[in-house]
Amino acid sequence: MEAAISRTPKPLTATEVPAPPGQPQLWQLSGALDAGTAADLQRRLSRQLHKQAGTLQIDLRGLTDLDAAGAATLVDLWRLGQARGVDVQVAGAESSILEKLQQFQVSPSLAPEPPPVGTFEALGDAAWANALALRDFIVLAADVTVGSVEALLRPHRLRWGALAQQASLMGSQALGIVGLITFLIGLTLAFQSAYQLRQFGAAIYVATLTAISMVREMGPLITAILVAGRSGSSITSEVATMKVGEEIDALHVMGIPFVDFVAVPKLLAMLITVPLLTVLADVLGILGGWIVGMVYLDLAPRPYLQKTVDALVAKDLATGLFKSAVFAWGIALIGLYYGAGVRGGAQEVGRATTASVVSGIFFIIVADSLFSILFYVVLG
Amino acid sequence: MTDLSPALEVRDLVVRYGERTVLAGVDMSVPAGEIRVILGGSGSGKSTLLKGILGLTDLSGGEVNLLGQPMVGLPESERRRLMQRVGVLFQNGALFGSLTVGENVALPLREHRRLPEGAIRELVRSKLAQVSMSHAEHLYPSELSGGMKKRAGLARALALDPEVLFCDEPSAGLDPQTSLNLDNLLLQLRDRLGVTVVIVTHELASIEGIADSLIMIGAGRVIAEGPVAEVRRRGIPQVDDFFARMVKADAQATVSAAALLGLQPDRGGA
């Protein structure tokens, strides 16, 4: 085989042949119509298309070479002509050029481009897609919640092994980070409030303030956000990977319910771990405040703790733990929903995981605001 | 199998995704104890046909009868019971990554059979031995090659001794020897246990050796159906094209694959 080591550019000339009135406009090409010359021809002839009507004929008789770019340009000119009402014809191609045209398979009768979507149509489509997504979420949430209750009522059906494994994974994964972050939050809260309260000689109230903020608000909230980032994302990526690898299809055809096999252990594990982590968060947050109280405010350790215990009522702990259970429910279901909704290949797994974490945190903050109104405004 | 009714019957199956019609009315009927190949190029709709049959995609129309039971509208508990009589080998094995190969094979047994643990273990070993995977019982799927995953997936599909076995691209990516072993295993299952086998593939290698009959899908429709030799004799252009192309591709791919099929590979050039 002859190998072309260097390629000298071959020029292309396009000459306009003066046509008698009533005859189609004729352009003669000679030389090579390839990637190097196609753009130039395209520019010249499309200018011509703007000027004229009727028929534009391109004579390929003098063409010595044609490549895919050249063939595509001819088709593109034809398409441009269609749009302007000009019939672009190609004539006189030699058999070698014709063969190349066929080889590149550029056929003008390609699939029509999809019509552009209008703003309102796009808006409507998006709203409809969101409504369907919400419906899917509600269906999944109902299935998994009912499945979990059923599993608790019939404990022999529950996958205890999977539940224990999931719970210990979620717990051990989050233990260090939850402990450290909430300790620092307690510390910061105490510092900030001490700065204000000291001016009134009310430094001891740092204990009250830290305790109530941690138990009612910061403990459940910070824990849930951290768990959403760690375990919510791992639920999504695990389920999404199962989906991409046809494992969920495999469960379906084996007659093993996805809800029982995958979803219920994850939801229950989340419902066990998050409140437990919240208790840890409460304790470490209060510990942070206590250290500030002793070191920075010179408060006595014992009265500080006494003040903390006095300030907290059972309702604070109960609402805090209730909130954390609701957050746990949301994180698990949002994680499952985004994982199970993955279509297509592996690149979708990452996208779903990100979306799951963002939605999870959004859910936590919105739910937390609603709970604040419910517990402390409506129910007093 | 004394049952004369077909193991699988598909009538006027239509699948649409949005405005795109993937299957435009497919009919097929597979008698019990037959090895049937669903053949088609990529994008022909053959994989969607398999998904439609197995209830893995929503049908826009048509009926599927599997082992005499209608799949459409079947209550979930009934469907689960029916699926215990069916085995499916997915394209890449679809093994559960958190379970070892042995646990994967044991899963359907634990789920659907009340057997003592010892018996389950013996069954798992025998199924793995059938696909020459005994050595991999305690490995995780991530430690296996593509072909090994497929064989392990087959062992899992056979765990409950299915009456119908579906295989999605079973020999794609297998070396010729393993592919031949797989063919022999499928033939044995058919001959000794009367298992009906439905194979979805685009490869010639899986077809001529073992298939009783084939159905060719193109552009969402049935192009040809019948015994392999008869379909080839009919001279349908798409079928001829397909076989011609596949023979060429195989001759280029490996010499042993061609030898396996009794073809004379073109030794002159590529």
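Two strands pair if DSSP finds at least two bridges between them. Helices (H or I, at least four residues) and strands (E, at least two) are themselves DSSP runs, numbered from the N terminus. Keep both in mind for the sheets.

A word on the source. This is a predicted model, where local features need pLDDT of at least 70, side-chain atom pairs count only at pLDDT 80 or more, and totals for chains, interfaces and linings use all residues. Residues are numbered from 1 along each chain as its sequence is written, and chains are lettered from A, ligands numbered from 1, in the order in which they are written.

Chain A, then. Four strands make an open sheet, ordered E1-E2-E3-E4, with mixed pairing. Which strands sit at its edges? They are E1 (12-17) and E4 (86-91) of chain A, and each pairs on one side only. From one strand to the next, the twist averages 20°. Angles here run from 0 to 180 degrees between N-to-C directions, and axes are lines fitted to C-alpha atoms, for helices over the stretch in contact.

Look at E1(A) and E2 (residues 25-33) of chain A. They pair antiparallel, over 6 bridges. Ala14(A) has Leu29(A) in E2(A) as its bridge partner. Helix H2 (residues 68-84) of chain A lies across E2, E3 (54-66) and E4 of chain A. H2 runs at about 150° to E4(A).

Now two helices of chain A. H5 (residues 160-197) and H6 (residues 205-244) pack at about 145°, axes 8 Å apart. Their contact residues divide into 18 nonpolar, 9 polar and 1 charged. Ala, Val, Leu, Ile, Met, Phe, Trp, Tyr, Cys and Pro count as nonpolar; Asp, Glu, Lys and Arg as charged; the others, Gly among them, as polar.

On to chain B. Its open sheet has 6 strands, in the order E6-E7-E8-E3-E9-E10, again with mixed pairing. The edges are E6 (86-89) and E10 (221-227) of chain B. Here the twist averages 15° from one strand to the next. E6(B) runs parallel to E7 (residues 164-168) of chain B, joined by 4 bridges. Leu89(B) has Cys167(B) in E7(B) as its bridge partner. Helix H5 (residues 146-157) of chain B packs on this sheet, touching E6 and E7 of chain B. Its direction makes about 175° with that of E6(B).

Last, the two chains together. How many residues of chain A are in contact with chain B? There are 10, against 14 residues of chain B. Contact means C-beta atoms, placed from the backbone, within 7 Å. The chain A side has 4 nonpolar, 3 polar and 3 charged residues.

Note on methods. Contact = placed C-beta atoms within 7 Å.
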